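Hi,

Here is the structure I promised to pass on. Please have it open while you read my notes.

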Amino acid sequence: MSNHQMIRKAGEFTLHDLRHIYEKPTELALDRAAQSRIEDARKTVTDLIERGETAYGINTGFGLMANTRIKAADVKRLQENLVLSHATGTGEPLKDGVVRLVLALKATSLAQGHSGVRPQLIDALLTLLSHEVYPVIPAKGSVGASGDLAPLAHMSAALLGHGDVRHAGKVMTAKDGLKIAGLEPMTLEAKEGLALLNGTQVSTALTLSGLFEIENVFGSAMLAGAMSVDAMKGSDVPFDARIHAVRRQQGQIDTAATYRALLEGSEIRHSHDDCEKVQDPYSLRCQPQVMGAALGVMRQAAETLLIEANAVTDNPLIFPEEGDILSGGNFHAEPVAMAADMLAIAVSEIASISERRTSLLVDPKMSGLPAFLVQDGGLNSGFMIAQVTTAALVSENKTYAHPASVDSIPTSAGQEDHVSMATFAGRRLHDMAENAGAVVAIELLAAAQGVDFHRPLRSSQPLEEVHTHVRERVDFYEQDRYFAPDIEAVRRLVAAGTLNRFVDSLLPSTYLGSIQF
């Protein structure tokens with residue numbers, strides 16, 4: 001079991017908590033302050049059945065068959081049938097960090113006492129999480145309403161002893177995984193299958209993990225951009241606080257302050273104090289405007305996702321104080337889909353402006369550096385095709401950035417006639433972040449190469465530390481060599497978030513890290 005323990009009240013995760021769960025195995029316990037509400041909600045369900053009344057999903061069919069009454073003797077079988085028939089996912093399985101988030105989010109939703117499940121069902125989810133027994137959940141097959149039905153069915157099937165799980169990197173049967181966790185296959189009671197399957201937890205987990213990966217790209221892109229300014233002997237005047245104060249955009253103000261701090265004390269900067277150049281290209285000069293806009297969008301999306309992570313999104317919902325069981329539509333993941341689309345646009349632009357700076361660096365007319373950042377050009381091609389790679393990846397991300405939330409396709413014989421596509425919206429962020437991370441990695445390599453051409457002059461202290469991180473992994477590009485391992489080494493540096501500490505206060509999981517909504 002994991003050594004890290006986290007105790008939280010249901011529905012009170014912070015972004016910092018969620019990032020931790022995504023990145024590391026976590027033993028999670030939920031405060032039992034809502035225990036009585038959980039039990040009262042469960043009693044509301046059982047009382048309804050005993051009275052012979054009808055409520056959607058408790059003793060009726062689903063979707064188009066919602067008006068079909070189920071006999072009392074078949075209520076348990078109805079829940080198992082629901083889980084098994086809905087486990088129709090396809091594609092590669094979700095990675096462990098995403099599954100950890102799914103388990104945690106589903107548990108915190110059920111534990112708020114509006115879902116009508118037994119406490120032991122919540123405990124079983126937390127036990128899987130704490131023992132690092134992760135249901136194998138295929139990534140594809142959800143349209144983001146009514147909830148993430150197929151992927152959550154695969155999560156739920158594992159509790160019943162069906163399907164596969166992953167433990168310590170090894171795939172095994174769900175029954176074997178349950179033994180590792182000290183659990184027996186469960187028999188679901190009335191309402192429990194529907195409570196497990198309804199909800200936005202997979203879409204939210206995918207989009208949250210996309211946010212965290214994009215934060216890593218953003219942090220490295222800030223550093224790469226600052227280093228490119230120094231490598232091309234750009235001006236720091238565009239980062240003057242007065243310029244950004246009069247526009248009043250907080251993300252722009254915050255990023256401009258970071259660029260000033262990153263460049264302060266650079267010998268390279270002061271070596272051209274008397275330069276006659278009036279203005280730099282936009283990809284240097286307008287970094288606060290572009291990166292600040294991306295940061296603002298990231299923060300806004302993060303707020304939406306934090307709210308959703310703590311929300312109750314299954315259906316129907318139980319309100320035990322009044323004894324009401326209400327059928328609504330909290331499973332519709334439109335807020336998540338729109339947040340994911342915002343993040344897709346942001347990461348696309350982060351990579352786009354990074355590629356433009358790499359293009360400047362390899363162009364001797366623009367940078368004043370050797371063509372393609374290598375001596376003996378002609379014999380050596382240097383960064384020529386590395387820049388082409390950035391162009392290819394940026395173009396690919398432009399296609400991915402098309403909003404998923406504007407698409408919809410009716411399902412369930414027209415009963416579920418408008419859907420969010422949030423699951424794909426969140427899932428594609430991982431590919432986009434990987435592409436953008438490679439683009440920023442190439443800029444870091446190019447900017448470090450440019451700084452080296454200015455030796456013995458040194459950059460600022462923080463940028464020299466970043467330069468050291470790059471050079472610890474990749475040597476100066478003196479002549480042509482097999483280039484791909486260099487790019488991959490720095491891409492991994494970006495993806496790991498190692499460089500985030502230089503800009504940590506900007507990132508939503510730090511900036512909003514302890515806030516609850």
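Below is what I found in it.

This is a predicted model, where local features need pLDDT of at least 70 and side-chain atom pairs count only at pLDDT 80 or more, while totals for chains, interfaces and linings use all residues. Residues are numbered from 1 along each chain as its sequence is written, and side-chain values use heavy atoms, with hydrogens and water left out.

Let me start with helix H15, residues 334–362 (helices are DSSP runs of H or I with at least four residues, strands runs of E with at least two, both numbered from the N terminus). Its 29 residues reach 43 Å from first C-alpha to last, close to the expected 42 Å (1.5 Å times one less than the number of residues). Of these 29 residues, 23 are buried, so H15 is largely enclosed by the rest of the structure (buried is under 20% relative accessible area, exposed over 50%, partly exposed in between, with a 1.4 Å probe and protein chains only).

Two peptide bonds are worth a look. Asn315 to Pro316 is cis, with omega near -5°, and Pro316 sits in the loop between helix H14 and strand E8. Arg455 to Pro456 is also cis, with omega near 15°; Pro456 is in the loop between helices H18 and H19.

Two non-glycine residues have positive phi. For Glu132 the value is about 55°, and this residue is partly exposed at 21%. For Lys191 phi is near 80°; with 0% relative accessibility, Lys191 is buried.

Best wishes
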